[in-house]
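Subject: Handover of a structure and the findings from it

Dear colleague,

Please find below the structure that I am handing over to you. The findings follow directly after it, grouped by region.

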Amino acid sequence: MNKATRKTVIAGNWKMNMTPDAASAFMKELAPMVAGKDECDIVLCVPAVDIAAAVEAAKGTNIKIGAQNVHFKASGAYTGELSAEMLTAAGVKYVVIGHSERRQYFGETDQTVNLRTLAAVNAGLTAIVCVGETLEQRELGYTETLLKFQTKMALTNVTKDQLKNIIVAYEPVWAIGTGVTATADQADEGNGYVRAAIAEMFGADVAETVTVQYGGSMNDANAAELLSKVNVDGGLIGGASLKTDKFTAIVDAAQ
């Protein structure tokens, strides 16, 4: 982390877990555990059905609520989708875009990730934009090339001012939900490639201000080591964000 130039953000991604009642109960348990821990932003990205309950439960706390996807159109015949305006009206502050599971199972492409990113920042949301390589791509030596390409595609037509509302999350696909975590050095290297791509687009000074998270199976046991690396500015947390004690431990590591 480099708190002198950029914000540390710990964001939980609940994926397809928790009912509204369970979300409310979780928030009430978590809130006192993280109260006053303001060295990092604390975010929970919840399923759409949980947004209203989570936003209500988060009132008066230091926890912000995020969504897990956003459509790139303002309105229209897009059954099952949610616009950025809908999310902001519901009290959402952050949104995950381009997660590997969205790319793998639901046809997300680098082009649609870019369009969703632009829609999010234009509506005042903070976009958590995910990039990452598969194991095969890593073994072939394409990690740097792919991460830079995905980052530049996602940030196409983004202005320097809009970049203030963008977080990039490096998520090695081979380390998501597998229990395998990149070493701290691998995470720092991957995040460094992302930052280098931003520098090539916007300049090195600007790149130093952008939060780049690590998102491949960060948990309470490895968070401190991962967050000790200069290019790791927080985490996009999967399974560990479903347990209040584990998630709090990660927040503590970011303090």
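In which helix is the place of Ala197? Ala197 belongs to helix 9, which covers residues 184-202. Please note before reading on that this is a predicted model.

**Ala197 and its surroundings**

Ala197 has a relative accessible area of 0%, and it therefore counts as buried. Leaving aside neighbours within four places in sequence, Ala197 is in contact with Lys148, Thr151 and Lys152. A further reference point is Glu144, which is 53 residues from Ala197 along the chain, with 9.4 Å between the two C-alpha atoms.

**Helix 2**

Helix 2 spans residues 51-58 and is mostly covered, since six of its eight residues are buried. Those buried residues are Ile51, Ala53, Ala54, Val55, Ala57 and Ala58. What covers them includes helix 1 (20-34), strand 3 (63-67) and helix 3 (84-89). After helix 2 comes Gly60, with a positive phi near 80 degrees.

Helix 5 runs over residues 110-122 and has 13 residues. From its first C-alpha to its last, helix 5 reaches 18 Å, close to the 18 Å expected at 1.5 Å a residue. Helix 5 is also mostly covered, with ten of its 13 residues buried. Among the buried residues of helix 5 are Asp110, Asn114 and Arg116, together with Val113, Leu118 and Val121. Just after helix 5, Gly124 takes a positive phi of about 90 degrees.

The loop between helix 4 and helix 5 contains Glu108. Is Glu108 buried or exposed? Its relative accessibility is 8%, and Glu108 counts as buried because the limit for that class is under 20%. The side chain of Glu108 is joined to that of Arg116 by a polar contact of 2.7 Å. Arg116 is itself one of the buried residues of helix 5. Not counting residues up to four places away in sequence, Glu108 touches Asn69, Arg102, Arg103, Val113 and Arg116.

How much space lies in the largest pocket? The largest pocket holds about 510 Å³. It is lined by 22 residues, of which Lys15, Gln68, Asn69, Arg102 and Phe106 are the closest to its centre. Helix 4 (residues 100-106) gives the largest share of this lining, with four residues. Sorted by class, the lining of the largest pocket consists of twelve nonpolar, six polar and four charged residues. Two of the names above return here: Asn69 and Arg102 are close to the centre of this pocket, and both are touched by Glu108.

The second largest pocket has about 240 Å³ of space. Of the 14 residues in its lining, the closest to its centre are Leu163, Lys164, Asn165, Ile166 and Thr211. Helix 8 (160-163) and strand 6 (166-170) are the elements that give two or more residues to this lining. By class, the lining of the second largest pocket divides into seven nonpolar, four polar and three charged residues.

Lys15, already named at the largest pocket, has a positive phi of about 55 degrees although it is not a glycine. Lys15 is located in the loop between strand 1 (9-13) and helix 1. With a relative accessibility of 23%, Lys15 counts as partly exposed. Ser217 also has a positive phi without being a glycine, with a value near 60 degrees. Ser217 is found in the loop between strand 7 (212-214) and helix 11.

**Ala223 in helix 11**

Helix 11 (residues 223-227) includes Ala223. The relative accessibility of Ala223 is 0%, and the residue therefore counts as buried. Which residues does Ala223 touch, not counting those up to four places away in sequence? They are Met218, Ile250 and Ala253. Tyr193, by contrast, lies 20 Å from Ala223 in space, C-alpha to C-alpha, and 30 residues away in sequence.

With kind regards

Key
Residues are numbered from 1 along each chain as its sequence is written. This is a predicted model: local features need pLDDT of at least 70, side-chain atom pairs count only at pLDDT 80 or more; totals for chains, interfaces and linings use all residues. Side-chain values use heavy atoms; hydrogens and water are left out. The expected span of a helix is 1.5 Å times one less than its number of residues. Buried means under 20% relative accessible area, exposed over 50%, partly exposed in between (1.4 Å probe, protein chains only). On a 1 Å grid over the protein atoms alone, a cavity is a set of points where a 1.4 Å probe fits but cannot get out, and a pocket is an open set with protein on both sides within 12 Å along at least five of seven lines; lining residues have an atom within 4 Å of a point. Grid points are joined across faces, edges and corners, and a volume is the space filled by probe spheres set on the points. Ala, Val, Leu, Ile, Met, Phe, Trp, Tyr, Cys and Pro count as nonpolar, Asp, Glu, Lys and Arg as charged, and the others, Gly among them, as polar. A polar contact is a pair of N or O atoms within 3.5 Å; within protein, one must be able to donate a hydrogen and the other to accept it, and residues adjacent in sequence count only if both atoms are side-chain atoms. Contact means heavy atoms within 4.5 Å.
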